[in-house]
Every structure is written in structure tokens, then in C-alpha cells.
Amino acid sequence: MSGCEHYFCTECISNMVVSKINEGQISQLTCCDQNCNKMFNDRDIKNLNLDEELVKKYEKLSLDNAIA
């Protein structure tokens with residue numbers, strides 16, 4: 001994750017990200033370390049090689065959040 005020095009299993013991170021995107025909770029996409037508040041950024045999401053449809057959903061949610 002960009003700007004964060006914590007390391008987690010890629011599969012675990014991907015599962016967490018997929019879950020948060022599907023729940024519409026992208027504002028809660030932070031490092032899994034409970035003492036770290038580093039947010040995922042667009043590059044972090046794209047580096048996970050998620051399904052293209054899921055990335056588009058993330059981008060729409062991100063845009064909606066920026067407008068709101």
C-alpha cells in the first residue's frame with residue numbers, strides 16, 4: 001500500500017477491498033493495521049488486479065463521494 005509500511009497477505013487485502021466496495025464503504029478502505037489510518041488510493045486499488053467491473057464500481061463510488 002502506498003505510503004504505508006504494514007504488510008498483509010495480498011489475498012486477504014483483496015478480499016477486504018472487494019467486500020468494502022460491494023458494501024459501498026470505500027471511505028473505510030484503510031490499512032488493516034488497527035493503529036494505522038492510511039487510506040487506500042486509486043493506484044493501490046488498481047494494483048490489486050481486481051475485476052474490471054469492480055474497479056469501475058470503486059471509481060463510481062469514489063466520484064460520488066467526491067461530489068457529495
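I started with Glu52, which is exposed at a relative accessible area of 56%. I am working from a predicted model, and I kept that in mind throughout.

**Salt bridges.** I searched the whole structure and found three salt bridges. Glu52 takes part in one of them, its side chain meeting that of Lys56 at 3.4 Å, N to O; both residues lie in helix 3, four residues apart, about one turn of the helix. I noted Lys56 as exposed too, at 51% relative accessibility.

I then looked at Asp64, which forms a salt bridge with Lys60, with 2.8 Å between the closest N and O atoms. These two are also four residues apart in helix 3, about one helical turn; Asp64 is partly exposed at 35%, whereas Lys60 is exposed at 52%.

Lys46 pairs with Glu59, their closest N and O atoms being 3.4 Å apart. Lys46 belongs to helix 2 and Glu59 to helix 3, so this pair ties together parts 13 residues apart in sequence.

**Cysteines.** Why did I find zero disulfides? The sulfur of Cys9 has its closest cysteine sulfur in Cys12, 3.7 Å away, which is too far for a bond, the cut-off being 2.5 Å. I recorded Cys9 as partly exposed at 41% and Cys12 as partly exposed at 49%.

**Backbone.** Most residues other than glycine have a negative phi. Asn49 sits in the loop between helix 2 (42-47) and helix 3 (52-67), and is exposed at 68% relative accessibility.

Terms used
Residues numbered from 1 in each chain as written. Predicted model: local features only at pLDDT ≥ 70, side-chain atom pairs only at ≥ 80, totals over all residues. Heavy atoms only, no water. Buried < 20%, exposed > 50% of the residue type's maximum accessible area, 1.4 Å probe, protein only. Salt bridge = Lys/Arg side-chain N within 4 Å of Asp/Glu carboxyl O.
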